[in-house]
Amino acid sequence: MREQLLAAEKIAPLEWRDAALYVLDQRVLPHSQVWVCCDSAAAVAEAIRQMLVRGAPAIGICAAYGFVLAARARLAAGGDWQSALQEDYQLLAASRPTAVNLRWALNLMQERLQRVRADEDPLAALESEALGIHQSDREANLVMAQLGAELIRKHQGSAQNLMTHCNAGALATGGFGTALGVLRAAHLEGLVERVYVDETRPWLQGSRLTAWELSEDGIPVTLIADSAAAHLMKERGVSWVIVGADRITANGDVVNKIGTYQLAINAMHHGVRFMVVAPSSTIDMATETGDDVELEERSASELLEVAGQRVAAQVSVYNPVFDVTPADLVDAIVTEKGVIERPDADKMTKLMSRRRLH
Ligand code: MRU
């Protein structure tokens, strides 16, 4: 299975090449494939803020490479470069507030910097740390894909309709995805009749990115409007909603793309199971509940305009781009450390004390 899954790794949202970070501009996918070179921490922070690169694990990995670029520039400038680097840390950390992977990756980089020995090249050490963060996310995707597919099989061993939201695929991670990794493994095991994906207004991660990734893999995919989800569940029989996460708090609450919460409520009403797939880097044990998380709000133009064309009436706009799904609406959380069903604070603590399964 591992080899088959690795063969499904076709799309990558970022590449570290010639000591620079190249990101695939996700704003113009799937119709254009434009790579943008980021050669400074400021350029990386801007690419994250403007969503050229997005998805919690992918932005964490980008921030790690951004830290390497910052260290290179500060070291070249001389003086107390390690103190000056803290400004870049802050700049990168502030680029998007909700996904905890961003701060998690930056903290690993910071810790590595503090452990650099006198006989070591600090840049080489930091670069190797960033490459390690990238590679370990890829490995985590492989483990989660298999665990999630096993869970689907446990409840129903035949082909079934599944649903996903936003994009938790290769474009959002260092590998082939969290939720989409599970869908890819389930497809290889003959467990997928069809995947329904909603548009994920207003940024259209579902219709532009997920629909593209799945169709490129030959997985049967059908697009629905966000507002069709409850009707779909009632009419067509969906067995699981499978999503990623931007942050999971200590009690098992799930912060994810706006619309996840209403899908979980719909799923509960229709007896559809709800699975969240996320690496342990997305778990924030320092934050007690989802209510304590800063939820990003984005520009009004995302709702007032479509493809740069004004469509809405001139009114005020509320555009939160993440919401909180309470733990009691979640059937399973799948991580590279294992699976917990019906999450709560106690199970989360036990999960986080386990070793990674790779
Ligand atoms: O605003 P985005 O596109 O960065 O939001 C992404 C999501 O909400 C994803 O579902 C989440 O990051 C999981 S990605 C593996």
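Which residues does Arg298 touch, not counting residues up to four places away in sequence? In this predicted model, the contacts of Arg298 under that criterion are Arg49, Gln50, Met51, Arg96, Asn319 and Val321. Arg298 itself is located in the loop that runs between β11 (283–284) and α11 (301–304). Two polar interactions of its side chain are noted. A polar atom of the Arg298 side chain lies 2.9 Å from the backbone oxygen of Arg49, and the side chains of Arg298 and Glu296 are joined by a polar contact of 2.5 Å.

Helix packing was examined for α3 and α6. Helix α3 spans residues 56–77 and helix α6 residues 122–155; their axes are 9 Å apart and the packing angle is about 175°. Angles over 145 degrees count as roughly antiparallel, and α3 and α6 are therefore roughly antiparallel to each other. On the α3 side, the contact is made by Pro57, Ile61, Ala64, Tyr65, Phe67, Val68, Ala71, Arg72 and Leu75. The α6 side contributes Pro122, Leu123, Leu126, Glu127, Ala130, Leu131, Ile133, His134 and Asp137. Sorted by class, the residues in the contact of α3 with α6 comprise 14 nonpolar, 1 polar and 3 charged.

Helix α10 covers residues 260–270, and its buried residues include Thr260, Leu263, Ala264 and Ala267. These four positions lie on the same side of α10, because they cover an arc of only 100° around the axis. Gly271 follows α10 and has a positive phi, near 70°.

Methods
Residues are numbered from 1 along each chain as its sequence is written. This is a predicted model: local features need pLDDT of at least 70, side-chain atom pairs count only at pLDDT 80 or more; totals for chains, interfaces and linings use all residues. Side-chain values use heavy atoms; hydrogens and water are left out. Buried means under 20% relative accessible area, exposed over 50%, partly exposed in between (1.4 Å probe, protein chains only). Helices (H or I, at least four residues) and strands (E, at least two) are DSSP runs, numbered from the N terminus. The arc is that of the directions from the helix axis to the C-beta atoms. Axes are lines fitted to C-alpha atoms, for helices over the stretch in contact, and angles run from 0 to 180 degrees between N-to-C directions. Angles under 35 degrees count as roughly parallel, over 145 as roughly antiparallel, 65 to 115 as roughly perpendicular and the rest as oblique. Contact means heavy atoms within 4.5 Å. Ala, Val, Leu, Ile, Met, Phe, Trp, Tyr, Cys and Pro count as nonpolar, Asp, Glu, Lys and Arg as charged, and the others, Gly among them, as polar. A polar contact is a pair of N or O atoms within 3.5 Å; within protein, one must be able to donate a hydrogen and the other to accept it, and residues adjacent in sequence count only if both atoms are side-chain atoms.
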